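Q: I have just opened a new model and would like to talk it through. Could you help me read it step by step?

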Amino acid sequence: MKYNIQCRICGSRELIKFLDLGSQPLANSFLRTEKEFETEERYPLQVCFCNQCNLVQLSGVVSKEKLFSDYIYFSSGMPKLSNHFKAYAEDVMGRFLKPNDFVVEIASNDGILIKFFQDRGFRTLGIDPAVNVVKIAKEFGVRTLENFFSEKLAKQIVIDEGKANVILANNVVAHIDDHHDLFKGVKNLLADDGVFVMEAPYLADMFENLTYDTIYHEHLSYLALRPLKKLFEMHDLEAFDIEVNVVQGRSLRIFVGHKGKHKITTNINKYIELELSKRMDNLETYQRLVSKITEQKEQLIKLLTDLKQRGKKIASYGAPAKGNTMLNYCNIGTDILDYALEDLQVKQNMFTPGMHIPIVSALYAHSHEPDYYLMLAWNYEKQILEKEQDFLKKGGKFIIPVKGIKIV
Ligand SMILES: [Zn+2]
């Protein structure tokens, strides 16, 4: 593990640690056998605030090879995302592309987004470092380069295939340690009037919904417009439009071009003002957030312990990466949860990192129903409640640990 003593964007040494989630295993390192429990590695999970550019970031960085070379997250496995990506692709095509244009996607995963562009006849290139994920992309017929994106790779792509009219980066900027190498690459690869579109979870969401479980080692930065704007400017790039969408929590979608090439919409100022009005430039705001997170942790532990004492059976609904941050931080283990129900087949019969909750299929869960489900996959609340009508009718309950704690 490498410790950052300087801010990833502005280089300031005024990094102030405000949140300590303890020592945690990697949130996507699910375990195949009980034997692996003994050798499981843990790393500190601590969050800092930069007093200069206000970027919120982890203090320590686990190597990217360790995090991403064998990756268990498949975009196509996530219900709901396919429609989101289709609408996203159509918006970008309509606004910025003409026939035969070249579209590059950084961290294209199994190709779910870039395939829409490929199917529409644009020249496309996906880039992703995870061997297993790229294998699946190729099976779907999505042209993909197995590599980490970098300035060096960007220069090679320009030589081999020319400049890109659109570069997409979905949920990846926060995963990359060297933000400057990333944007040097974007600067090189982007055509003169080209557009870089990035989507990332919005830090503001954490304040409103207490979604601290989105903090884990893969997410090195927690993004807001103001620090990013500074980063773009350092590379002679410029954000010209921004939208906030509800995908899995609220996400930022930012449109960036070479400086002076696109008309800047009023949305940019609107979100800068919004971030300032929420005092996202002030350390105290983050300290208040920590008090709320600690309070929620205590409430959740008390609730689960009380239920257990009353002889109730509890299981987890979902085994998402973010759930592992919560389970490990609150120390919720097999003494509380019987199992985690998970629809993603790749995770079934495995154990969650750290707390080692056995992961089971819906078929198993339905024959071993608990009294309460702790909904770790809270971003699918609506779909889960619809799907589990029978469980609810029989008197089953869900504990939903966002915005405080809700029981339905
Ligand atoms: Zn900074």
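**Reading the model**

Q: Let us begin with helix 9: how many of its 12 residues are buried?
A: One of the 12 residues of helix 9 is buried, and the helix is hardly covered. Please keep in mind that this is a predicted model.

Q: Where does helix 9 lie, and what span should its 12 residues have?
A: Helix 9 covers residues 266-277, and at 1.5 Å a residue it should span 16 Å. The C-alpha atoms at its ends are 17 Å apart, which agrees with that expectation.

Q: And which residue with a positive phi follows helix 9?
A: That residue is arginine 279, and its phi is near 55°.

Q: Let us turn to the whole chain. How many helices and strands does it have?
A: The secondary structure of the chain comes to 14 helices and 19 strands.

Q: What radius of gyration does the chain have, and what would a compact globule have?
A: The chain has a radius of gyration of 21 Å. A compact globule with 408 residues would have one near 22 Å, so the two values agree. Along its principal axes, the C-alpha trace spans about 65 × 50 × 40 Å.

Q: What percentage of the residues is buried?
A: Of the 408 residues in the chain, 43% are buried.

Q: What about contacts between residues at least 6 apart in sequence: what share joins residues at least 24 apart?
A: That share is 70% of such contacts in the chain.

Q: Now the domains. Which ones are assigned?
A: The assignment gives domain 1, residues 75-281, and domain 2, residues 305-407. Their C-alpha centres lie 32 Å apart.

Q: How many residues of each domain are in contact with the other?
A: There are 11 residues of domain 1 in contact with 11 residues of domain 2. The side of domain 1 that touches domain 2 has four nonpolar residues, six polar residues and one charged residue.

Q: What does UniProt list for residues 283-310?
A: An unreviewed UniProt entry lists them as a "coiled-coil region". In the model, residues 283-310 are 96% helix and 0% strand, with end C-alpha atoms 41 Å apart.

Q: And what does UniProt list for residues 7-68?
A: The unreviewed entry gives "domain: Methyltransferase putative zinc binding" for residues 7-68. Over residues 7-68 the chain is 8% helix and 37% strand. The end C-alpha atoms of residues 7-68 are 23 Å apart.

Note on methods. Residues numbered from 1 in each chain as written. Predicted model: local features only at pLDDT ≥ 70, side-chain atom pairs only at ≥ 80, totals over all residues. Helix = DSSP H or I, 4+ residues; strand = E, 2+ residues; numbered from the N terminus. Expected span 1.5 Å × (residues − 1). Buried ≥ 20, exposed ≤ 12 C-beta atoms within 10 Å, placed from the backbone. Rg over C-alpha atoms; globule rule 2.2 N^0.38 Å. Contact = placed C-beta atoms within 7 Å. Domains from an automatic or database assignment. Nonpolar A, V, L, I, M, F, W, Y, C, P; charged D, E, K, R; others polar. UniProt positions renumbered as here; feature names shortened; annotations may be inferred.
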